[in-house]
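User: I'm new to this structure and would like to learn how to read it. Could you walk me through some features one at a time?

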Amino acid sequence: MQESKIINLTVRDVRFPTSLEQHGSDAMHTDPDYSVAYVVIETDSDSAVKGYGLTFTVGRGTEIVVCAVKALSALVVGKTLKEIVSDFRGFYRLLSSDGQMRWIGPEKGVIQLAIAAILNAVWDLWARVEGKPLWKLLVDMDPAKLVSCIDFRYITDALTEQEALDILVKAKTGQKNREEQMLKEGYPAYTTSCAWLGYSDQQLTQLCSDALAQGWTKFKVKVGADLQDDIRRCSLIRKMIGPNNTLMIDANQRWDVNEAITWVTKLAEFHPLWIEEPTSPDDILGHASISKALAPLGIGVATGEQCHNRVMFKQFLQASALQFVQIDSCRVGSVNENLAIILMAAKFNVPVCPHAGGVGLCELVQHLILFDYISVSASLNNRMCEYVDHLHEHFKSPTIIRNAQYMPPKDPGYSCEMLEDSVQKHLYPQGEVWRAIEQQGKQ
Ligand SMILES: C[C@H](O)[C@@H](O)CC(=O)C(=O)O
Ligand SMILES: [Mg+2]
């Protein structure tokens, strides 16, 4: 089936009106409408197998990503899956280094989001053709083949191809046991769904008490807009979860560097494990200063959900500017680039704790973190994957959480496929959900 040719690539703008209830809100994104640029690639195979991919956005702007996907689609249509996966590094480079298109990146922003959507669909297709969930495709893959999917350009000063190979070969020991453990117990998760910034104290209290009853032990709270609100909300949640459960805080880039240090110092009494995105996601040295200042308080710095590419992650790691690497399945160049980041994190001995606050992000990134544990890090120490309890019902193979752990997906593919009915209803602006909202606005 690898011989099948890609004959069509479609992309649609699908949005969910999450801002109406403040789901997903934070100090910088006060009205996010969780959205995706949703890609479907069709092949000429008799079995009509398709690949589904997406990238995440928060509403306005999705149409720009859709445009970028369309502009790249000519590089994909006409290729066979075999041509692509037999030189996946070359194909990644074809998309990311096209002589004219790269000017609007390179490897960052809208164009990288578009590359993520397309490559996520290609990986989904590959996993489906092999009849495996993506994590299993990766776990079973020969280390040399895995490494051949990575573009090492610009990162060899931190991680060479040989070093990547050595990490993967070394982690073969015990791999079978870890896979069985994951299938039985799942991968540890934390929840962000109790404490979006726009939620009232009453809502936060109710959601937190429900989450505790469901067995959640790790909680993330949005902070950064108003210090007194942060103190009140962190105090409330810390009292509810007790001293032994884990608390994280997330400022979504709200502060300057010194402001971040002062503000977080005032929240130190609530013992957060990390402060996430304290300042501009591009400010590597700023994150290094914050890390240094907060280390004596036992607070680490986490970032990555808006980190452009492997090169920036390299520098964050080299500068000891982060203590938790937050990979994102849709921000960088799909599995190819995330493999590079996961392997660099292993080399620098920094835990990977994926970002998943968005539609579809939990579905996708669970595959990557399972791979990280089974085939790379072999450790659960200080590691957990984010979970948000929104919009899973729109996916064909939604995430399964049991006892606050991600249970490994079993269906073939990368869990990107959405229900067609959901896609139709949420198409922007013509879907019935958006037409109804527009009508209400007129009344
Ligand atoms: C706009 C998103 O909901 C963002 O707040 C998610 C995020 O920062 C996280 O989940 O972490
Ligand atoms: Mg965040």
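User: Is Ala-144 buried, partly exposed or exposed?

Analyst: Buried means under 20% relative accessible area, exposed means over 50%, and partly exposed is in between (1.4 Å probe, protein chains only). Ala-144 comes out at 42%, so it counts as partly exposed. You'll find Ala-144 in helix α6, residues 143-148. Its C-alpha atom is 9.4 Å from that of Gln-162, a residue 18 places away along the chain.
Before we go on: this is a predicted model, where local features need pLDDT of at least 70 and side-chain atom pairs count only at pLDDT 80 or more, while totals for chains, interfaces and linings use all residues. Residues are numbered from 1 along each chain as its sequence is written, chains are lettered from A and ligands numbered from 1 in the order in which they are written, and side-chain values use heavy atoms, with hydrogens and water left out.

User: Where do the helix labels come from?

Analyst: Helices (H or I, at least four residues) and strands (E, at least two) are DSSP runs, numbered from the N terminus.

User: How do I read the packing of helix α1 against helix α4?

Analyst: Two packed helices are described by the angle between their axes and the distance between the axes. Axes are lines fitted to C-alpha atoms, for helices over the stretch in contact, and angles run from 0 to 180 degrees between N-to-C directions. Here α1 (residues 62-72) and α4 (residues 109-130) pack at about 65°, with axes 8 Å apart.

User: Which residues of α1 and α4 meet?

Analyst: Contact means heavy atoms within 4.5 Å. On the α1 side, Ile-64, Val-65, Ala-68, Val-69 and Leu-72 take part, and among their partners in α4 are Val-110, Ile-111 and Leu-113. The residues of this contact divide into twelve nonpolar, no polar and no charged.

User: Which residues touch the most other members of the largest nonpolar core?

Analyst: In soluble globular proteins, nonpolar side chains tend to be buried together. A nonpolar core is a set of buried Ala, Val, Leu, Ile, Met, Phe, Trp, Tyr and Cys residues joined through side-chain atoms within 4.5 Å. The largest one has 145 residues, and Phe-88, Trp-123, Ile-275 and Val-325 touch the most other members. Helix α4 gives the largest share, 14 residues. A second, separate core has seven residues, including Met-248 and Trp-274.

User: What are the protein donors of the magnesium ion (ligand 2)?

Analyst: Donors are N, O and S atoms within 2.8 Å of the metal (3.2 Å for Na, K and Ca); water is not among the atoms, so sites may look incomplete. For this ion they are Asp-250 (OD), Glu-276 (OE) and Glu-305 (OE), at 1.9 to 2.2 Å. Glu-276 sits in strand β7 (residues 274-276) and Glu-305 in the loop between β8 (300-303) and α13 (310-318), so the pair ties together parts 29 residues apart in sequence. Glu-276 and Glu-305 are both buried.

Terms used:
Ala, Val, Leu, Ile, Met, Phe, Trp, Tyr, Cys and Pro count as nonpolar, Asp, Glu, Lys and Arg as charged, and the others, Gly among them, as polar.
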